[in-house]
Amino acid sequence: MITSTATATATAKAKSNFSRNLFWSILVPVLNAILHSAIFIVLRDSEINPILHAALAILWGVGGIYLIYWSLNWVVEKYSDLWRRRIQPYLFVGPAFLLLSWLLLIPTIRTLYMSFLDASSTKFVGLANYAAIFTNRLLVTALRNNLLWVLFGATACIVLGLLIAVLADRSSFERIAKAIIFLPMAISFVAAGVIWKFIYYYQPGDEQVGLLNAVVVALGGEPQAWTSMMQPWNNLFLIVILIWMQTGFAMVIFSAALKGVPEDMLEAARMDGAGEIKIFFRIIIPFIMTTILSVTTTIIVFTLKIFDVVMIMTGGQYDTEVVATQFYRQFFMYRNFGYGSTLAIVLLIAVIPVIVFNLRQMRKQGGF
Amino acid sequence: MRRRPKRKGSKTIVNIILAFICFIWLVPTIGLFVSSFRPATEILKTGWWSVFPHKENVTKDQIQLPKDTDLRQPIEVNGTTYTDDELRSGVKAPDGSVLIWENRRGRTINVQQSGWKMNTSFTTENYKGVLTGKQYQITDTDGSVKTKKGSGLSRAFLNTLTVSIPATIIPILIATFAAYAFAWLRFPLRKTMFVIVIMLLVVPLQVAMIPVLKDYTALGLNGTFLGVWIAHAGFGLPLATYFMYSYISQLPKDLFESAFMDGASNFTIFTRLILPLAVPSIASISIFQFLWVWNDYLVSLVFIGNQPGVQVLSMKIADMVGTRGNDWHLLTAAAFVSMLMPLAVFFGLQKYFVRGLLGGSVKG
């Protein structure tokens with residue numbers, strides 16, 4: 001009798017708990033949605049002082065995301081132990097997963113699907129877009145230029161990075177030298193574009209204010225409009241910018257790897273009378289080979305996706321178009337969604353093996 | 001571990017080669033910096049390197065030849081004869097000075113003496129010009145004073161800040177929550193979800209861009225700060241999650257057990273224990289994400305657009321490159337303004353900066 005009453009009370013309590021929890025579980029997300037869309041609309045449409053606007057927006061962005069987690073967690077903490085343990089992990093992972101699904105996972109599938117449709121995404125054309133990649137002049141040029149970027153850009157970054165790392169290791173001002181070489185990595189490609197556009201600047205007449213032309217004139221040559229001459233070799237002048245920016249990346253990693261070469265190994269080789277160059281090629285290079293490979297692949301991925309430099313320097317004119325810029329052009333200027341998506345997928349396919357390789361390497365070395 | 005220098009001589013050679021490379025690496029940035037302070041009138045007349053001491057021929061005197069001098073015959077000046085071609089490119093006279101035509105038709109010759117010179121006219125007008133959005137006065141190339149509309153870069157600077165700060169904190173908070181759950185909580189589908197996150201590391205932005213843009217247009221998120229925060233958050237999440245996971249999963253297990261014993265909830269453990277412990281990792285990945293967003297051009301180009309209320313620095317400068325391609329005094333100043341933040345981060349937080357950039361190198 002007593003037990004059954006207890007059970008009944010417990011059931012009633014559980015029921016009221018359940019309805020109370022349900023109430024909060026619905027109210028809190030709804031309140032969140034209303035609050036944040038209200039702030040969004042107010043901020044978007046208000047004509048207040050820009051500084052105040054910026055401050056409010058930042059405050060909302062940063063505070064809002066915390067508020068969402070905190071309020072939803074407050075609801076989950078009300079649940080029974082069992083349910084809390086079941087639900088809470090999804091509260092932690094959920095936002096990340098939802099965001100990723102919306103912004104990356106589903107779009108990738110949609111883009112893949114679009115790559116089989118025609119220019120206006122209405123008719124199924126099978127592999128016609130993929131065939132066009134290898135026949136359409138514009139697209140072939142883009143592919144060829146990307147190849148040039150990878151071939152020259154990546155190679156130069158690796159060789160120079162390694163050379164500078166070795167030199168820095170033996171010099172008397174290692175830290176400063178490394179900082180100087182690494183510095184360009186911090187700035188944007190847009191700013192770098194302005195810097196190098198000025199270096200390549202050509203004006204008719206005797207006085208050249210662009211550094212490269214001034215040097216050429218001083219050496220007795222003719223000034224040139226570098227980024228538009230001798231196609232397709234003008235691409236090399238754009239690639240130089242990549243080299244200037246990315247060599248620092250290669251150098252820093254190589255430098256760390258070089259420090260890991262055991263001193264006694266080098267000492268033993270020196271005892272045996274091996275020269276520095278022989279030591280470098282026979283001992284150091286094999287020892288840091290995995291590092292070289294992973295840096296190479298990373299730079300290749302970076303190079304495949306190059307976009308900003310080309311946009312700023314030439315806008316893709318003079319046969320300097322690459323896959324990423326051609327993608328942009330197909331979508332936003334020619335409105336050819338079929339070609340655009342196909343180029344994006346080609347980029348994805350090109351990048352996959354390289355990154356898989358990289359992640360494996362990283363895993364072997366125990367993460368970052 | 002310092003390597004023992006083998007020979008004194010070889011070390012000197014190494015130092016010289018390295019110094020030379022460093023010099024080449026620095027020159028582009030120095031050129032930009034110097035140019036951004038030079039007046040518009042100078043910047044297209046002389047190279048920026050002329051601000052450093054250099055030898056230059058300075059006109060000391062002029063010689064007026066008879067108007068009827070035949071230019072096809074050898075020309076006699078001060079007792080020596082020269083050809084017309086020589087005088088055109090400048091020729092050394094016996095006393096060491098250089099003779100060059102000032103006005104060939106008027107038959108005047110400049111006598112130039114080589115001497116040390118520095119171009120030291122600097123100005124902050126360029127910065128005033130790019131930073132304000134209001135009218136400002138500028139001395140133009142021909143010396144006349146003109147009123148021009150400023151580029152409004154300070155507004156773009158503010159916008160970039162408004163984009164970058166939340167677009168850094170939002171994804172990293174979300175990623176750290178997820179990383180904690182992946183590392184220390186057990187739940188169905190954990191493995192599958194984690195594998196998907198890792199797979200998404202490889203997806204280049206371009207692949208996702210267009211479908212997202214369509215959704216944005218439908219939702220009215222295009223050209224809003226919220227829209228670009230979400231975009232950057234989504235595109236930065238796989239890397240941030242992976243980065244944070246590799247750190248949080250390495251934390252000792254006892255840490256959590258004792259906290260659980262004390263009755264702390266997961267949320268408390270996360271905010272009171274994990275976040276403070278993960279500060280170095282969070283700093284590294286935050287710096288990477290912050291600079292990525294700050295320097296980004298593609299995402300802003302597609303999702304923000306050109307309205308002055310939301311336009312960011314990179315867009316603004318790209319715009320100026322297109323419309324004011326030869327106004328180098330403005331372009332260099334604008335580019336330098338955009339570099340201020342990255343340079344400050346670079347010099348202020350170098351340790352985290354390098355680590356973040358290396359970790360971020362796999363970003364899709």
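Analyst: Happy to. Chain A has a radius of gyration of 29 Å, whereas a compact globule of 368 residues would have one near 21 Å (taken over C-alpha atoms, the globule rule being 2.2 Å times the number of residues to the power 0.38). Along the principal axes, the C-alpha atoms of chain A fill a box of roughly 105 × 65 × 50 Å.

This is a predicted model, where local features need pLDDT of at least 70, side-chain atom pairs count only at pLDDT 80 or more, and totals for chains, interfaces and linings use all residues. Residues are numbered from 1 along each chain as its sequence is written, with chains lettered from A and ligands numbered from 1 in the order in which they are written.

Now the pair itself, in chain B. The axes of helix α13 (residues 313-323) and helix α14 (residues 328-348) of chain B come within 10 Å and cross at roughly 165 degrees. Helices here are DSSP runs of H or I, at least four residues, numbered from the N terminus; axes are lines fitted to C-alpha atoms over the stretch in contact, with angles running from 0 to 180 degrees between N-to-C directions. That crossing makes α13(B) roughly antiparallel to α14(B) (an angle over 145 degrees). From α13(B), the contact is made by B:Leu313, B:Ser314, B:Ile317, B:Met320 and B:Val321, and from α14(B) by B:Leu330, B:Leu331, B:Ala334, B:Ala335 and B:Ser338; contact means C-beta atoms, placed from the backbone, within 7 Å. By class, this contact has 8 nonpolar, 2 polar and no charged residues (Ala, Val, Leu, Ile, Met, Phe, Trp, Tyr, Cys and Pro count as nonpolar, Asp, Glu, Lys and Arg as charged, and the others, Gly among them, as polar).

Definitions and conventions: Helices (H or I, at least four residues) and strands (E, at least two) are DSSP runs, numbered from the N terminus. Angles under 35 degrees count as roughly parallel, over 145 as roughly antiparallel, 65 to 115 as roughly perpendicular and the rest as oblique. Two residues are in contact if their C-beta atoms, placed from the backbone, lie within 7 Å.
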